[in-house]
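Please look through the model slowly, one chain at a time, and keep the sequence beside you as you read the paragraphs that follow.

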Amino acid sequence: MSYPLQPQQVQPPPILATQALTKVFDGLVALDAVSIEVRQGEILGIIGPNGAGKTTLFNLITGIIPVTKGHVQFLGKVITGLSTHRIATMGIARTFQNIRLFRRMTVSENVLVGRHYRGNAGLVSALVRSGATRREETRLRLEIQRYLEMVGLADKADMPAGALTTGQQRLLEIARALAAAPQIILLDEPAAGLNTKETQSLAEFIQRLPRELNTTVNLIEHDMRLVMDVSDRVVVIDRGRKIADGTPAAVQRDPQVIAAYLGGDFVNGEWMDASELEGRKP
Amino acid sequence: MTLSLLARAIRAAGLAIFFAFVAIPLLLHSAYLATVGIFIGIHAIVAVGLGLLMGYAGQVSLGHAAFYGLGAYSSAILTTRLGLSPLPAMVAGTAITAIIALILGTPTLRLHGHYLAMFTLAFGIIIQTIFNQAERLTRGTSGIVGIPPFSIGPLRFDTVPKAYLLVLAVLALSIFAVRNLVNSRPGRALRALHESEVAASVCGVDVPRAKLEVFVLSAILASVAGSLYAHFVNYVSPVPFGFGFSVQLLVMVVVGGAGSVWGPLAGAALFTVLSQFLQKTGERIAFVGTTDTILFGMVLVAVVIFLQKGLVSLPSRLRGEATPAEDSGI
Amino acid sequence: MTLADQLLQYLITGFSVGIVYGLVGLGITIVFNATGIINFAQGEFVMLGGMAAAALAANGAPLWLAVILAVAATTLVALAMERLTIYQLRGASVITLIIATIGASLVLQGGAKLLWGPDAVTFPPFSGDTPIRIGGGGIAPQRLWVMGLATLSVVAVQLFFRFTLTGKAIRACAINRRAARLSGISADRMVRLSFAVSAALAALGGTVLTPVTLMQYAQGTHYTLTGFLASVLGGLGNGLGAVLGGVTIGMIESFSSGFISSGYSKAIALVVALIVLWWRPQGLLGRRQLQ
């Protein structure tokens with residue numbers, strides 16, 4: 001006797017998954033057998049004390065550093081060991097904790113580079129400025145307008161990126177990542193250096209992404225209120241291991257998570273306590 | 001703004017001077033001036049390519065004279081030994097140089113900074129040694145004589161004014177092409193990877209391939225210039241194709257400003273004119289003749305000290321903009 | 001000469017030339033560690049040391065005095081160069097500084113040509129030139145001087161950096177300029193000191209080698225390039241590595257000159273060096289860079 005499965009009980013396969021992902025640097029275990037699944041269209045928050053290995057996780061997924069053990073799967077395909085640019089063209093985009101913009105290039109040029117692999121013009125056709133190249137250039141410039149407008153930088157399109165404020169730079173980096181029209185975007189501490197108002201706008205912006213741009217979001221953040229507000233699910237990483245995985249509410253009550261933040265060890269010289277968990281900045 | 005007006009005036013004046021200089025040798029029917037112009041043009045073609053490599057892709061090459069020499073020697077050998085006419089010889093020579101650049105460029109992809117500099121320095125020396133030693137092919141230190149002037153079909157560039165126009169045309173074409181590149185998708189990818197290879201990769205730029213492409217392109221430009229040199233001077237020997245010339249190219253690019261298209265051209269012009277001036281004065285004033293190296297060295301140091309960011313960025317610096325290549329290279 | 005004698009000849013020639021490359025490489029490393037730039041005039045210090053000593057000896061100075069004065073004079077020239085170029089360009093980019101050192105090298109070359117003419121010069125070897133018989137062949141005794149004095153200087157320099165306060169101060173500056181300054185160490189003085197030490201090393205190498213190879217105003221460039229190669233081969237920033245790299249290059253040059261072709265010997269040494277770097281990008285004694 002089998003009942004037909006209720007529709008909401010059938011989970012689509014995760015679009016991104018890591019299996020026992022491990023990274024060892026010269027004897028230091030940065031990430032220890034971390035397995036995560038990211039479902040299509042969700043916003044997954046990743047939190048944890050400083051130095052827990054969150055950015056390392058992003059670096060492994062995007063192929064910037066090699067994996068020691070374990071695998072990464074994206075859209076059903078194993079992407080472990082592929083080059084960074086190849087992974088990017090498959091549909092994973094990211095921003096960086098320490099903002100890696102092309103400061104000497106203009107705002108629109110930054111976003112155009114973000115859309116690099118949606119274009120085709122090669123060296124030779126660029127040198128001669130063929131008709132096809134010119135048409136593609138016009139098309140690309142039109143297409144990025146949307147992303148510039150989404151982050152409110154359309155009026156600053158010709159400014160050098162280095163001249164923007166921190167908040168604007170973070171938005172530009174996000175626009176650059178979105179310009180690739182990726183399946184999933186990995187945001188690494190996008191709220192760092194933003195004030196309360198900017199963080200609020202950012203939160204609203206992030207929440208629009210899955211619906212408006214059909215983009216799944218992975219979000220590393222220290223700002224607890226932001227993470228708990230926008231995330232559908234939260235993963236907690238402490239000292240390289242995943243210690244919790246669930247809804248924001250569940251994770252906040254998880255004793256292991258509380259212990260990790262309240263724990264007797266100093267992490268990077270910082271004492272993280274429960275007030276962090278409630279969203280107040282240290 | 002008065003300042004911006006001043007900057008624009010300087011830029012307009014610069015262009016006017018440029019065109020004047022270009023026309024003068026022809027107007028004055030001066031073979032000497034035209035010859036200087038030819039050398040400026042040939043050096044500029046190499047310098048523009050090297051500027052692309054250094055200013056946009058952020059790579060360094062201390063051995064670019066090798067590609068210049070490869071172009072010169074292949075044109076020389078193919079026209080004098082195999083009887084090819086100059087244009088197909090240049091094309092073939094450029095292809096050979098491109099292949100060698102591809103082979104030499106691949107290991108450089110993993111190198112940065114001083115390691116890259118050393119590697120390029122080393123292959124520059126190796127190639128010049130081959131020019132010196134492979135006597136059956138290159139006639140060693142005696143060099144190859146009797147190289148015909150450049151010709152395209154029945155059109156022979158056998159007088160100085162004609163050669164001058166040829167070099168100008170090639171230079172103009174090179175600058176046109178490089179300008180197109182800089183503002184295009186691959187050009188942006190280059191400028192991006194100069195600032196952050198990781199960020200560029202994450203945007204889908206195939207960084208190693210882009211670096212290799214620009215490396216080969218700069219080698220091709222150097223090779224074409226080398227061929228023009230061979231057909232103009234009608235003689236090649238290993239001497240001009242060593243570290244000395246690689247350094248001169250470096251100076252042209254850095255002093256002129258690596259991050260712009262016109263910078264290397266200005267650098268080439270300044271450098272060539274200065275060395276010509278010192279040479280000519282040295283012929284007349286004995287003191288200068290024995291001290292020309294010293295004077296040149298001192299001028300070089302002085303110029304570098306007072307113009308750290310190069311000449312061509314002067315108008316934009318007056319405007320207060322950020323210059324395109326703040327560190328002109330590495 | 002038996003094969004063994006030949007090999008010994010090549011070994012000694014290679015080592016004596018290589019250790020001078022190593023001295024230049026060591027000097028380049030010292031300056032690199034203090035400033036982050038490659039001093040492309042380093043080879044000129046070799047040339048100046050040798051030619052100055054030759055000029056002094058030709059004017060009647062006893063050899064030991066000529067050597068000391070030549071080394072001292074070259075060191076002074078290096079300090080002047082530092083003041084007029086490096087010091088003026090504090091904060092400029094690496095490539096700008098390198099070009100400045102190239103300009104300085106031109107000035108030094110031109111100066112040497114002006115002072116001492118375009119021809120090669122030399123002076124008598126320290127202990128005569130009767131070859132010392134070993135096996136079936138002979139070694140010029142001056143080569144032994146080269147190897148001995150050069151090795152002594154390398155050891156002395158290593159001791160200096162490791163055990164004296166000034167030496168440690170220079171290393172501190174290289175590692176962390178700001179912290180060093182906060183501890184009261186003057187970075188500018190350390191840079192000057194580094195220039196002085198490296199120039200003295202190069203000049204010493206030049207003076208002892210001149211009786212064997214002669215010295216000419218244009219030879220500096222060869223030593224600069226090879227010294228640079230030696231320091232990269234050894235692992236940039238590692239002084240001992242630079243010496244090792246120099247000796248390696250000298251040996252390969254010597255052996256390939258003997259067994260293959262003297263014209264190609266330099267190119268062969270370079271190719272081998274490049275292959276070594278390909279296989280071990282951090283150099284012989286360098287540490288692997290973490291991403």
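The axes themselves are lines fitted to C-alpha atoms, for helices over the stretch in contact, and the angles run from 0 to 180 degrees between N-to-C directions. This is a predicted model, in which local features need pLDDT of at least 70 and side-chain atom pairs count only at pLDDT 80 or more, while totals for chains, interfaces and linings use all residues. Residues are numbered from 1 along each chain as its sequence is written, and chains are lettered from A and ligands numbered from 1 in the order in which they are written.

We begin with two helices of chain C. Helices (H or I, at least four residues) and strands (E, at least two) are DSSP runs, numbered from the N terminus. The axes of helix H3 (residues 63–86) of chain C and helix H8 (residues 187–213) of chain C come within 8 Å and cross at roughly 140°, and H3(C) and H8(C) are therefore oblique to each other. Residues are in contact if their C-beta atoms, placed from the backbone, lie within 7 Å. The residues of H3(C) that meet H8(C) include Val67(C), Ala70(C) and Val71(C), and among those that H8(C) brings are Val191(C), Arg192(C) and Phe195(C). Sorted by class, this contact of H3(C) with H8(C) has 13 nonpolar, three polar and two charged residues, where Ala, Val, Leu, Ile, Met, Phe, Trp, Tyr, Cys and Pro count as nonpolar, Asp, Glu, Lys and Arg as charged, and the others, Gly among them, as polar.

Chain C also meets chain B, with 35 residues of chain B in contact with 37 residues of chain C. Which helix gives the most to the side of chain B that touches chain C? That helix is H5(B), with twelve residues. By class, the side of chain B that touches chain C has 22 nonpolar, eleven polar and two charged residues. Chain B averages a pLDDT (the predictor's confidence in each residue, from 0 to 100) of 84, although pLDDT stays under 50 over residues 317–330 of chain B.

Chain A can be read through its sheets. Two strands pair if DSSP finds at least two bridges between them. One open sheet of four strands in chain A has the order S2-S1-S4-S5, with antiparallel pairing, and its edge strands, S2 and strand S5 (77–78) of chain A, each pair on one side only. Strand S1 (residues 16–25) of chain A is joined over seven bridges to strand S2 (residues 28–38) of chain A, and Ala17(A) stands opposite Glu37(A) in S2(A). These two strands form a hairpin with two residues between them, and Asp26(A) in the turn has a positive phi of about 50°. S1(A) also pairs over five bridges with strand S4 (residues 69–74) of chain A, where Thr18(A) stands opposite Val72(A). Helix H1 (residues 54–61) of chain A lies across S1, S2 and S4 of chain A, running at about 70° to S2(A).

A further open sheet of chain A has six strands in the order S6-S7-S8-S3-S9-S10, with mixed pairing. Strand S6 (92–94) and strand S10 (241–246) of chain A stand at the edges, each with a single partner strand, so one side of each is left without a neighbour in the sheet. Strand S3 (residues 43–47) of chain A and strand S8 (residues 216–220) of chain A pair in the parallel sense over four bridges.

Note on methods
Angles under 35 degrees count as roughly parallel, over 145 as roughly antiparallel, 65 to 115 as roughly perpendicular and the rest as oblique. Two residues are in contact if their C-beta atoms, placed from the backbone, lie within 7 Å.
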